[in-house]
Structure formats: C-alpha cells, structure tokens
Amino acid sequence: MEKWNPLELVTMNSNDDYKQLAVNSTKQQIRNILKSYVGYYDPLCELLQNAMDAVDRRKEVLHEENYEKRIKIIMNLQENSVYVADNGIGFEEKQFRTFLSPNITFKKQGHSRGNKGVGTTYIAYGFNRTEIYTKTAQYEKYAYIDGGREWIDDFSDTVEMPCVVTLESRDEKFVYDRGSSFKLYFTNEVGNKIKDFTWLGIDTAESWKYVLLTNTPLGYIKGFDETHDIFFDLVIVKKNGDNSILEKQIAEYYFPHKFLKNNSQDLEKVIEWQKNEVEKGRNSLNIPQKFQRKLAIYKFFDLDELLKLVIRSKTFEEQEIELLKQYEVSVYGCFCNSVDRWKDINEKIIKARKGANVMSYGLQMATDNMIQGSSLQIPLTSNIGYQKQAQVIVHFNGAEPDLGRKGFQPELRIIAEKISSTIVSLGLSVWKGLLAADGHYDLRDSKAKTLHDYIKEMEEHEQKNPLKIISEEFFLPTKEISISAIPKSEQDVVVLFNQLIAGGVIRSIELMASSTYEQYDGLYKIRIKEPLENHYYEKCKNPLGIERERPLKPGILTAPECLEYKYTFDSLIQDFDNEDKDVRDIGLVIVWTLGNRWRERFQVISYLLPEYRDRRPYHGLTHEIFDSSVNSRAFFCVVLEELIDYLNDEQGYIQTYKEKYEESEY
C-alpha cells in the first residue's frame, strides 16, 4: 500500500526547526481557502467545474475523432455522498501526487473554468473522506484521503497530517476509457452531517437536474451563436435505496423562461415582428395575441445592445463603459408578471421544499460561462417592486472572481448592479404590457355578472335540487357519441356538445341551466374534479388538456356565466348588431363553425394550434375570442367542427387552420 503527504512540497525543503512553522502556515492558508467557500452547492461546483475542464482539455490536447464529452454524477442521499466521474484528460503520476496542494494547478490560464489551484484543496481538506481515481494510457491509480477536515479543525497539533492512501482495487463505477472520478462523503465518523443534500426535499433525477443546471458550472451559459457539447448522466440514490436516473442530458444553464415554456415570450421575436410590420407600412403597435398575456418576457443582450441601453440610461461613467467593452459583457434578463412565479418554479416544477429557493429573482454575476457567487439585489430606485419580478445574469468574459465563490472585485460588482437596473428599467419592464394583467394565470375572476338575479336564482335551485347519476355502466359499450351525422342546426350543436361533456371529451365545464325563455341559452361554471391528472395535456391520451405548468386546484373556479349556443358564429354577430345580445354578458360560446364574419370585429386564437396550447386555461376549450375594438378577451369558444377535425387528424388540422388564424392577427 502506497501513501504520500499531499503537502510534501510544503515540507520537503524545510529543516526540522522550520518544518512545523511551514506546516502551521500552510494549515492557516488552507483554513482561509475553506472559509472562502460559503455556498450550499460549493462542493458540487468544484467537482463539476473540474470535470468539465477535464473533458474540454482532453478534446483540446488529444484531438480524437468521434470523442464525446461525458460526465456521470451520482447523488447518494442514503449515505450523503456525491460522486462525479468524467472521461476527460485524467492525471499523470506527478500531477496525481501534487494537485491537492494549495495553489497548485495544471489548468491553462484563460482556457478553463478555474485556475487558482484552490478547488481541489477545498475538496481534500473540507471534508472527512475523499476518494480519487484516475486513468490514462500511462497511469491508473485509485486512492483516498481521510481526516482532512479533522486535521484542519485541530488547533492543538495533536492530529496527524493526513496522507493520500492508494487502493489496490479500481473504481468499479468508472465506465470510461480515460478520465478521473471524485467521491466526497459529507458525514463524519460519528455520523454528523457536514452538509445534508436531503434538505432540499427532492429525490428525483429530474428535480436534481434543475438544481445542478441552475446552481453549478454544469449549467453552462452559452454565447449567442455558440454550441455546447458536454453531456451528463445523473443518478439519484434515494434514502430507501431506489435509483432515479436521467441519461445523456445537455450541460446548459436552465434559464427561468425554460421552466415556463410557452408561457414566456422572447422579446427578440416581438421586436422582429414589429420591424417587419414597419417595413410593410403597417401598424407595429397592434401586437398579435400570440405574443401577449405571458407569465414572463425575456431577452439576451449582446454587448452592442447593452451599450445602447447604457447610453440611454445616462448613468454610466466613461471608465465603466470601457470596462463593459474590456470584459465583452453580455446579459440575460427575465421579467415575470408576479413574484409568485419563482415560488411556482421552485415548489411546483422543481418540487423543492418550501423556502428552498433553487431558482430566484435578483442579479447573478457570471464569468467563464458559469455563474459565480450568490444572487444580489437589483438596485432599482423607482418601481422597486420589479426587483423581485426579474432575474438578470451579467456575464463578464475573462473576469476573475475571488477565492472560492464569494464574488467579484468591487468595481465589477458595482457595474453589474448598474447593468441589472438598466436592463430591468429600459430593457424589460417597458414591455410589461405583454404580460398577464395580474399575478395569476389568466383565469376569469368570480365577479357577479350583469344577470345577477337570474344567476342567483339558478344557484339556489342547484343547491336545493341537485341531479346526480352514479353508475359505472353508462356510456358503454360503444364508447361513441350517439349523434350520427354532422350538425345541421343549433339544436344539433346543443346535443353534440352535451354528449362531449358526458363522454369526458370536455372535462372542466359544468352546465347549470338551459332555458329558451331567457336572453341567453344557459349558465355554466368551471369545476375541476379530481383526479387533477385528468385535466393535463397528453398528446394521445388527453389532447384537450392544459399544460402542466398551469396550477390546478379542485373545486369551482368561476362564478356562473352565460352560455350561448349557435350553429355558426355569424348568427351571434348578427345578434350583437341587432343589440339582442351583449358581448359583455357572455362567458362561453358553443358553435359548429365560426363562419366568415368574425373578422369584422374579432380576433381569434385557436388553442388547438401548438403555439397557443399553453394559453388554454381549462380542459376542452378550443378558442379564445378577442374584441378588436378594446383589444381584450370577449369570451371563450368551443368550435365543434374544428375540435372534431383536430381529434381525428391533428397534423391535417394544423395545416388547414394555422395560416387562417395567423392572418387574423394583422
């Protein structure tokens, strides 16, 4: 069994009189290094940063054809450990014996994520056991170092300096032809946890993927036209021993807008649309509905775009502008319609415990394509509420943060704060009109409607005289609607719609009343019945569902509203023209076909088209009708002809109707 002192470079040239002095000096130096690492994710950051540098280095040095950069991560919540392996360049013997010493680095200055030589020292002496394995064409070694943290915390000089001890075996979990692996244990010999990764309350690979991509160098921040080619496999060993696994994931930063998917809007696309409208001599202010009522807006700003905003802000000194140019600063900004969006991301998508802010608002500084340090407050002097609605990432090209991950030099922090304020004030919040008006998910409120007396009467009737049919045998065995021909009249529309509700094709609309004696055809309300899974979109099983990013809770979600049946939407427009009916009274319209007159007054978006699917607030709704005169939603609509076309042939529907509804936006 071979062993050596990783600090032998410190002591080898010292005589006995000065050796202890040299050791104590080095020990204090290591303590200072450990104190600089204050973040919850710091050990993961160092392991992943080293792994990513190693795979980049192999590609740069060896020039192997068909080489694919790979990293494997095992988060073992059962034994409170983390394992990171890479198929990178690996260590040769001299490197392996010395790389744990402070300020020793083999990374090329300016071509790696870390080059101060302190990260591996933190790994070796910040914890009680570290296992290290390396394999190259010339060298292979498996070793461990025990008691590093115990030695550092000892001020009595009674604990022996730890040594690296080699193992005769190899790392059985290492699956690559070349590279290295590190395993850290976060529980000491008596069972005390130095760091507890179960604190986040998550134990699935999907959730941990989000954690790693937003809080460690694994979340590589790409440049504007840059591709990234590092892949990782992630294994989570749960407390009960079960495994949760994700394979071949791309190592890229998971920006907030990605969590919100189609509920976020790239401002670049809006700006491009406006430019095209100006070129065509059209009104660029009448922005289409497909860009509006989003939960978040976002944009990537390159240096030129940033400089234009800086000049407009008139708050930057000349030397600060020169710093922007020197560091080729680029920025990402995301602005949400409510601070509640961060809670939704953390608790409903990442599924972390309450208060564990994996993803949060604020200013995040970055360099070397990775975030550094914790988030800072965006220093707004007006509209300070926007501070909690925005995340801004300021990336400096080639800046050097302090030891560990505390932060940057003061002048870069100051300029980053000014940039974040400018981005929110001039680059993002000016577009807040594209966001949902309130902090909620575009659900209609529960205010009483103009037909208050009639609605109240029907509510009382419903409570006193409920109608229920309970049987598992109904609607079998045909599993088909009983109306056999395409509707020819309004009455056929009523029959077909009611059968679609009874058959579960439409699952959120509950009918309260139907009357030929009142001004409108009936009343409805939205009721979400459990299981909630029945309301979420699945391409084949549930094509009329809502996106999973929208929160749901069981029960009645809206007050009763008026329902109107028509064979064609043209007939309803005629009622509006005759003032027999009022747009403001209606919540839902059921028609067989939209007809041709709707363009005279309305804009229409179809939830059946993929780009609008995220806008569907309730199961089964097919269209949203906007009153062009006031540029706001008039009511929801179910167009039965299009619904059936969509269910029978989705791609055929898209080809037929996509252009039709895009034209209505102009």
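**Close-up views of a predicted protein model**

**View 1. Asp 157 in the loop between helix H6 (148-152) and strand E6 (164-167)**. The place of Asp 157 is the loop that joins these two elements in the predicted model. Asp 157 is not a glycine, yet its phi is positive, at about 60 degrees. With a relative accessibility of 46%, Asp 157 counts as partly exposed, because that class lies between the limits of 20% and 50%.

**View 2. Asn 66 in the loop between helix H3 (42-62) and strand E2 (69-76)**. Asn 66 is a residue other than glycine with a positive phi, near 70 degrees. The relative accessible area of Asn 66 is 73%, and the residue is therefore exposed.

**View 3. The cis peptide bond from Glu 530 to Pro 531**. Omega of this bond is near 5 degrees. Pro 531 belongs to the loop between strand E17 (522-528) and strand E18 (555-556).

**View 4. Packing of helix H15 (residues 490-502) with helix H17 (residues 640-648)**. The axes of H15 and H17 come within 11 Å and cross at roughly 45 degrees. The crossing of the two helices, H15 and H17, is left-handed. On the H15 side, the contact is made by Val 493, Leu 496, Phe 497 and Leu 500; on the H17 side, Leu 640, Leu 643 and Ile 644 take part. By class, the contact of H15 with H17 has 7 nonpolar residues, with no polar and no charged ones.

**View 5. Packing of helix H11 (residues 318-326) with helix H13 (residues 410-428)**. The axes of H11 and H13 are 11 Å apart, and the packing angle is about 95 degrees. H11 and H13 are therefore roughly perpendicular to each other. H11 contributes Glu 320, Leu 323 and Leu 324 to the contact, while H13 contributes Glu 411, Ile 414, Ile 415, Lys 418 and Ile 419. By class, the contact of H11 with H13 has 5 nonpolar, no polar and 3 charged residues.

View 6. Leu 428 has 0% relative accessibility and so counts as buried. Residues up to four places away in sequence aside, Leu 428 touches Leu 267, Ile 297, Lys 299, Phe 301, Gly 333, Cys 334, Phe 335 and Ile 423. One of these residues, Ile 297, is 131 residues from Leu 428 along the chain, and the C-alpha atoms of the two are separated by 7.3 Å.

**View 7. Helix H7 (residues 205-215), a mostly covered helix**. Of the 11 residues of H7, 10 are buried. The buried residues include Trp 208, Tyr 210, Val 211, Leu 212 and Leu 213. Also among them are Ser 207, Lys 209, Thr 214 and Asn 215.

**View 8. The whole protein, with its 18 helices and 23 strands**. Buried residues make up 55% of the 666 residues. Of the contacts between residues at least 6 apart in sequence, 71% join residues at least 24 apart. The accessible surface of the protein is about 31600 Å², and 47% of this surface belongs to carbon and sulfur atoms.

How values were computed:
Residues numbered from 1 in each chain as written. Predicted model: local features only at pLDDT ≥ 70, side-chain atom pairs only at ≥ 80, totals over all residues. Heavy atoms only, no water. Axes fitted to C-alpha atoms, helices over the stretch in contact; angles between N-to-C directions. Helix = DSSP H or I, 4+ residues; strand = E, 2+ residues; numbered from the N terminus. Left-handed = near helix turned anticlockwise from the far one by under 90°. Contact = heavy atoms within 4.5 Å. Nonpolar A, V, L, I, M, F, W, Y, C, P; charged D, E, K, R; others polar. Buried < 20%, exposed > 50% of the residue type's maximum accessible area, 1.4 Å probe, protein only. Areas by Shrake-Rupley, 256 points an atom, 1.4 Å probe, with all protein chains shown as cover. Parallel < 35°, antiparallel > 145°, perpendicular 65-115°, else oblique.
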